[in-house]
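Dear colleague,

I am handing over the structure that we spoke about, with the sequence alongside. Please have it open while you read the notes below.

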Amino acid sequence: MSVLEVLTYPDVRLKKRSEEVSQFDDDLRQFVADLQETMDGGPPSVGIAAPQVNRFQRIVIVDVSGMLAQAKQRKRRIKSSNNGRLCLVNPKITRAEGQVSGREGCLSVPDYTGNVLRASRITLFAQNTEGEAREYECSGFEARAVQHELDHLDGLLFLDRLVSSNELFRRQVYKLT
Amino acid sequence: MNPVSSVSSQWYMLTVIGNDQPGIVARLTAALFQAGVNLGETSMIRLGGNFTIMMMVQSNNGMDKLQSAIADTAESLSLRVHIDPIEAHLHSHLMPDVEITVYGADRAGIVAEVTGALFDAGLNILDLNSDVAGTEAKPVYIMIIEGHATRGMEPLEQALSKLKNRGIEVTFTPIDTLMG
Ligand SMILES: [Zn+2]
């Protein structure tokens, strides 16, 4: 196992679209183990995508359980489903509803965070490292994490989706009236 | 973005105020670029019909050269310019962990009242924007604050609920930053 180097913007490779995985073999499983080790070895994060470590295949890991446990310790409640550790191969969002703003940062964009609108509930279809397909329901923070990671597979960063606080406040107020 | 790498380079805070008119930002930043000046973090905003700019700039030619680099542009656009040498660093953002929005009928002292209560409850303000909406007859004060809760969320929530009792609408949203 090994910790892989995380690409950081302005590296143009982060803007590349990743390819579908077609071979569910030991090489894939070895890569996923390395990706997991990279995520665990880096700054605390809730997900990582293959292209962030220079592999342009549709593979992401999402795991919000650590963050949720930590928040609970501080008596903080974060709205989120918790599917535990998700290793998603060829993931596709098949249904999305609601829109909610939240703050995002990225391992590939150091020293900046910004507000991004994301669907609040999603249905997700993905394969595992054996090629078996499964469906997941995600909401809140976990849904946001999945959408953030899936964006990486299409060469999109949260910087592509920034909205300003003022804009969000206006939306909030208009919604009230 | 980083032509200046000399050890003698110094950061300055450049403050510019003028009547809002087309081209202020473009012309000012072009003059700075031509003088080899680096830009850092900036805030440019229209306040009451005035255009205001606070800009971190880095130059290794001293304050006088910086002043003269933008003198023509400033004069032709009738901008008032102020420059201070500053101790500054990039890449040292403090991340906010709470956002507070406040609105209510505009009245004297509302900002002092809110920020005072938040300060007492341990809030370190990182960003504050306020505006007056409504009409002249019925002005509404709106404020958006981002900060770091140095003593946790509980004292802040208590402070804010007291404000609510005094007719000020307050929304308190912890910021859980996703890192991924
Ligand atoms: Zn990311």
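The notes that follow take up the interface, then a sheet and its helices, and finally some local features.

The model is predicted, and for that reason local features were taken only at pLDDT of at least 70 and side-chain atom pairs only at pLDDT 80 or more, while totals for chains, interfaces and linings use all residues. Residues are numbered from 1 along each chain as its sequence is written, chains are lettered from A and ligands numbered from 1 in the order in which they are written, and side-chain values use heavy atoms, with hydrogens and water left out.

**The interface**

Counting as contact any heavy atoms within 4.5 Å, 21 residues of chain B touch 28 residues of chain A. The area buried between the two chains (the accessible area, taken with a 1.4 Å probe, that two parts lose on being put together, summed over both) is about 2000 Å², and carbon and sulfur atoms give 58% of that area. On the side of chain B, the residues that lose the most area to chain A are B:L178, B:M179 and B:G180, which together account for 37% of what that side buries.

There are 8 residue pairs in polar contact between chain B and chain A, both residues being at pLDDT 80 or more; a polar contact is a pair of N or O atoms within 3.5 Å, where within protein one must be able to donate a hydrogen and the other to accept it, and residues adjacent in sequence count only if both atoms are side-chain atoms. The elements giving two or more residues to the side of chain B that touches chain A are β5 (98–105), β7 (139–149), α4 (153–164) and β9 (178–179) of chain B, where helices (H or I, at least four residues) and strands (E, at least two) are DSSP runs numbered from the N terminus.

The chains also share 2 salt bridges, a salt bridge being a side-chain nitrogen of Lys or Arg within 4 Å of a carboxyl oxygen of Asp or Glu. In one that involves B:D176 and A:R76, the closest N and O atoms are 2.6 Å apart. Strand β4 (residues 100–106) of chain A runs parallel to β9(B), to which 2 bridges join it, pairing being assigned if DSSP finds at least two bridges between two strands. Within this pairing, A:E104 has B:L178 as its bridge partner.

**A sheet in chain B**

Chain B has an open sheet of 4 strands with antiparallel pairing, in the order β2-β3-β1-β4. Its edge strands, each pairing on one side only, are β2 (38–47) and β4 (80–86) of chain B. Strand β1 (residues 10–19) of chain B is paired with β4(B) over 7 bridges, and B:Y12 has B:P85 in β4(B) as its bridge partner. Helix α2 (residues 62–76) of chain B packs on this sheet and touches β1, β3 and β4 of chain B, its direction making about 160° with that of β4(B); axes are lines fitted to C-alpha atoms, for helices over the stretch in contact, and angles run from 0 to 180 degrees between N-to-C directions.

**Local features in chain A**

A cis peptide bond, with omega of about 15°, joins A:Y9 and A:P10, and A:P10 lies in the segment before α1 (26–41) of chain A. A:N54 is not a glycine, yet has a positive phi of about 70°, and this residue lies in the loop between β1 (47–49) and β2 (59–62) of chain A.

Over all chains the count is 18 salt bridges. In the one between A:K15 and A:D160, the closest N and O atoms are 2.7 Å apart. Because A:K15 lies in the segment before α1 of chain A and A:D160 in the loop between α3 (140–153) and β8 (162–163) of chain A, this pair ties together parts that are 145 residues apart in sequence.

With best regards
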